[in-house]
Amino acid sequence: LESVYKGYPIGSLLFWRGESSQLKYDARRSYPLPQVEKARDPVSFLLDGQQRLTSLYGCLYLPAEKNQSDDVFHVLFDLRNRAFLHWNEDLDTSGMIRLADLFSPAAFLSAQRDLSSEEDGSRLLDESVKLHAVFQEYMVPTVTIEKRKVNEVVEIFERVNRTGTKLSSVDFMRATTWSSGFDLGQEVAGITRQARRLGFLLQPETIVKIIAIALNTPPLPDAMLELRGLSAAALKNGVRRARVALKRAVRFLQQDLCVYSDVYVPYEGQFLVLSRLFLDEGHDVLSARVRENAA
């Protein structure tokens with residue numbers, strides 16, 4: 001908000017124009033966006049800039065009934081000190097205007113009437129008009145990717161997104177496999193907690209690769225993205241098998257090699273190989289020769 005007010009660039013927004021069927025829509029999102037009708041092709045997916053758009057929409061356009069008084073998006077602008085502030089019940093709002101009032105004609109006129117009644121009303125009115133003009137005239141550059149497959153979009157994003165929240169093939173896989181009956185994010189979080197209880201802190205990417213292996217799919221981005229064609233039941237079965245394989249692999253590390261932490265397993269590939277090894281058989285079926293070599 002401060003960057004926009006000062007006329008500083010906030011970066012471009014990255015869109016991907018594709019078919020609505022290529023990604024699933026998670027209606028349970030916690031961040032504010034306007035309600036829209038069912039997407040029609042072609043549709044533009046926002047790849048980079050969600051936090052910026054969320055902040056702008058939440059502060060400027062979120063309907064009053066959805067913007068609770070203590071909400072993080074309930075932001076005011078101090079016209080005297082030219083500063084943005086979060087609302088709180090102890091805040092003296094004299095000389096301030098809610099950002100959500102700027103683009104609601106009735107609310108903006110009402111706010112201006114209140115400002116005009118203050119001692120320095122003329123100055124406050126001028127500042128409110130300036131604030132409105134700043135946000136109305138601010139331009140945000142956009143870049144749109146067209147006619148690209150999911151795996152190409154992943155590579156493009158990984159090349160251009162060097163800062164901020166990283167979006168990897170795992171995130172795209174979550175989007176492409178999400179349905180009302182399966183949420184990869186929740187499943188990965190559950191396996192993460194399971195591994196942590198066993199003393200192993202695994203990255204989400206590693207866990208998703210183990211799930212891919214459990215589904216007889218190479219743990220490579222292009223191959224993993226093809227999993228979006230599987231049913232929720234098949235994906236859940238892959239998660240179940242991945243849980244068992246991971247538990248067996250950790251048991252082998254702890255009982256046979258006395259390795260009790262992921263710190264001593266430096267390469268992701270080692271976890272992947274062990275998970276594949278124990279996918280269908282428990283570690284107790286290993287031959288004495290294999291145990292001897294492992295030790």
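Contact here means heavy atoms within 4.5 Å. Keep that in mind, and let's start with one residue.

Take I97. This is a predicted model, by the way. I97 is found in strand β5, residues 96-98. Leave aside the neighbours within four places in sequence. What is I97 in contact with then? The list is V75, L76, F77, L79, L102, F108, A111, S128 and L131. Is I97 buried or exposed? Buried, with a relative accessible area of 1%. I97 and D114 are 17 residues apart along the chain, and their C-alpha atoms are separated by 9.6 Å.

Now step back to the whole chain. The protein chain has 12 helices and 6 strands. It has 295 residues, and 39% of them count as buried. Next, the contacts with a separation of 6 or more. Of these, 64% come from residues 24 or more positions apart.

On to the cores. In soluble globular proteins, nonpolar side chains tend to be buried together. Here, the largest nonpolar core has 33 residues. Which members touch the most others? They are I211, L246, L253 and F271. Helix α10 gives the most, with 9 residues. There is also a second, separate core. That one has 20 residues, and our opening residue I97 is among them, along with L99, L131 and V134.

L246 is then in contact with I191, A195, L202, I210 and F271.

Another residue to look at is V250. Its place is in helix α10. V250 counts as buried, at 1% relative accessibility. Beyond the neighbours within four places, V250 is in contact with L198, F200 and F271. V250 and F271 are 21 residues apart along the chain. Their C-alpha atoms are separated by 8.8 Å.

Next, a helix pair. Two packed helices are described by the angle between their axes and the distance between the axes. Our pair is α7, residues 184-197, and α10, residues 232-256. Their packing angle is about 15 degrees, and the axes are 11 Å apart. Angles under 35 degrees count as roughly parallel, and α7 and α10 are therefore roughly parallel to each other. The crossing of α7 past α10 is right-handed.

Which residues make the contact? From α7, they are E187, G190, I191, Q194 and A195. From α10, they are V239, R243, L246 and K247. Sort them by class, and you get 4 nonpolar, 2 polar and 3 charged residues. Notice L246 on that list.

T192 counts as buried, at 16% relative accessibility. Apart from neighbours within four places, T192 is in contact with L202 and I207.

I207 takes us to α8. Why is this helix, residues 204-214, largely enclosed by the rest of the structure? Because 9 of its 11 residues are buried. Those buried residues are T206, I207, V208, K209, I210, I211, A212, I213 and A214. So one charged name, K209, sits in that buried list too.

After α8 comes N216. N216 is placed in the loop between α8 and α9, and α9 is residues 221-225. What is the phi of N216? Near 60 degrees, a positive value in a residue other than glycine. N216 is exposed, with a relative accessible area of 62%.

C258 also has a positive phi, near 55 degrees, and is a residue other than glycine. Where is C258? In the loop between α10 and α11. C258 counts as exposed, at 54% relative accessibility; the cut-off for that is over 50%.

Look at I97, buried in strand β5. Look at α7 and α10, roughly parallel to each other. And look at α8, largely enclosed by the rest of the structure.

Key
Residues are numbered from 1 along each chain as its sequence is written. This is a predicted model: local features need pLDDT of at least 70, side-chain atom pairs count only at pLDDT 80 or more; totals for chains, interfaces and linings use all residues. Side-chain values use heavy atoms; hydrogens and water are left out. Axes are lines fitted to C-alpha atoms, for helices over the stretch in contact, and angles run from 0 to 180 degrees between N-to-C directions. Helices (H or I, at least four residues) and strands (E, at least two) are DSSP runs, numbered from the N terminus. Angles under 35 degrees count as roughly parallel, over 145 as roughly antiparallel, 65 to 115 as roughly perpendicular and the rest as oblique. A crossing is left-handed if the near helix is turned anticlockwise from the far one by less than a right angle, and right-handed if clockwise. Buried means under 20% relative accessible area, exposed over 50%, partly exposed in between (1.4 Å probe, protein chains only). A nonpolar core is a set of buried Ala, Val, Leu, Ile, Met, Phe, Trp, Tyr and Cys residues joined through side-chain atoms within 4.5 Å.
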